[in-house]
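Trainee: I would like to learn how to read charged side chains in a model. Can we work through a case together?

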Amino acid sequence: MVDKKVKTNDELLYDPNQDEKDEKWSGRKERTNLRAGSSKKGELSEKPATSATLTCPSCMTTLCRDCQQHESYLHQFRAMFVFNCLVLTGETMTYKIKEKKRRRGRDKQEEGDGELYNPVKCAVCQTKVGVYDKEEIYHFFNVLAREHP
């Protein structure tokens, strides 16, 4: 008969309390965002200062906890402070601004000078998730958003 040794949690690299620790950490981060949206020091705001928590659509890695949703394009967000993101400084993208000009009763759109952006990738899986502009703002459009209640 073979006598099998039962491995301990330490040997299995398992912490049975990790879920509770993670939940407390996440709760502290969300409470920080709630306080940031408050007008009085130490008081919790009813609405968080952020629109959503953003994650990568491929690997579900958290990219941003503090962002603002675009007014017109509801699937787009902008943020200043992110993590797990790589800005590709060697690449640039141009968004051409279309200007409407009127000529003989007809509307004509002409492309003017464009705005330059650098692509942004998820640091974990390399999925393109948005762009970075010259004003040091991240614009996310390929992300999953978890809205705060």
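Mentor: Start with Lys121, which sits in strand β7 (residues 106-122). Helices (H or I, at least four residues) and strands (E, at least two) are DSSP runs, numbered from the N terminus. This is a predicted model: local features need pLDDT of at least 70, side-chain atom pairs count only at pLDDT 80 or more, and totals for chains, interfaces and linings use all residues. Residues are numbered from 1 along each chain as its sequence is written, and side-chain values use heavy atoms, leaving out hydrogens and water.

Trainee: Is Lys121 buried or exposed?

Mentor: Buried means under 20% relative accessible area, exposed over 50%, partly exposed in between (1.4 Å probe, protein chains only). Lys121 is buried, yet has no salt bridge. The nearest side chain of opposite charge, Glu91, is 5.5 Å away. Here Lys and Arg count as positive and Asp and Glu as negative; His and the chain ends are not counted.

Trainee: Which residues is Lys121 in contact with, beyond its neighbours within four places in sequence?

Mentor: Contact means heavy atoms within 4.5 Å. For Lys121, with those neighbours left aside, the contacts include Cys85, Leu86, Leu88, Lys128 and Val129.

Trainee: How do I read a salt bridge?

Mentor: Side chains of opposite charge can pair when their charged atoms come close. The criterion is a side-chain nitrogen of Lys or Arg within 4 Å of a carboxyl oxygen of Asp or Glu. The whole structure has 2 salt bridges. In one of them, Lys128 meets Glu91 at 3.9 Å, N to O. Lys128 lies in strand β8 (residues 128-133) and Glu91 in the loop between β5 (85-87) and β6 (93-103), so the pair ties together parts that are 37 residues apart in sequence. Lys128 is partly exposed at 43% relative accessibility, and Glu91 is partly exposed at 39%.

Trainee: What else is Glu91 in contact with?

Mentor: Neighbours within four places aside, Glu91 also touches Tyr117, Asn118 and Pro119. The C-alpha atoms of Glu91 and Pro119 are separated by 6.8 Å, though 28 residues apart along the chain.

Trainee: Which residue forms a salt bridge with Lys21?

Mentor: Asp15 does, with the closest N and O atoms 2.8 Å apart. Lys21 has a relative accessible area of 47% and is partly exposed. Asp15, at 26%, is partly exposed too.

Trainee: Which residues form the negative surface patch?

Mentor: Patches take residues with over 30% relative accessible area and no salt bridge; like charges are joined within 9 Å, nonpolar side chains (Val, Leu, Ile, Met, Phe, Trp, Tyr) within 5 Å. Asp19, Glu20, Asp22 and Glu23 make up the negative one. Asp22 belongs to helix α1 (residues 18-36). Its relative accessibility is 40%, so Asp22 counts as partly exposed.

Terms used
Accessible areas come from the Shrake-Rupley method with a 1.4 Å probe; for residues, only the protein chains shown count as cover. The place of a charge is taken as NZ of Lys, CZ of Arg, CG of Asp or CD of Glu.
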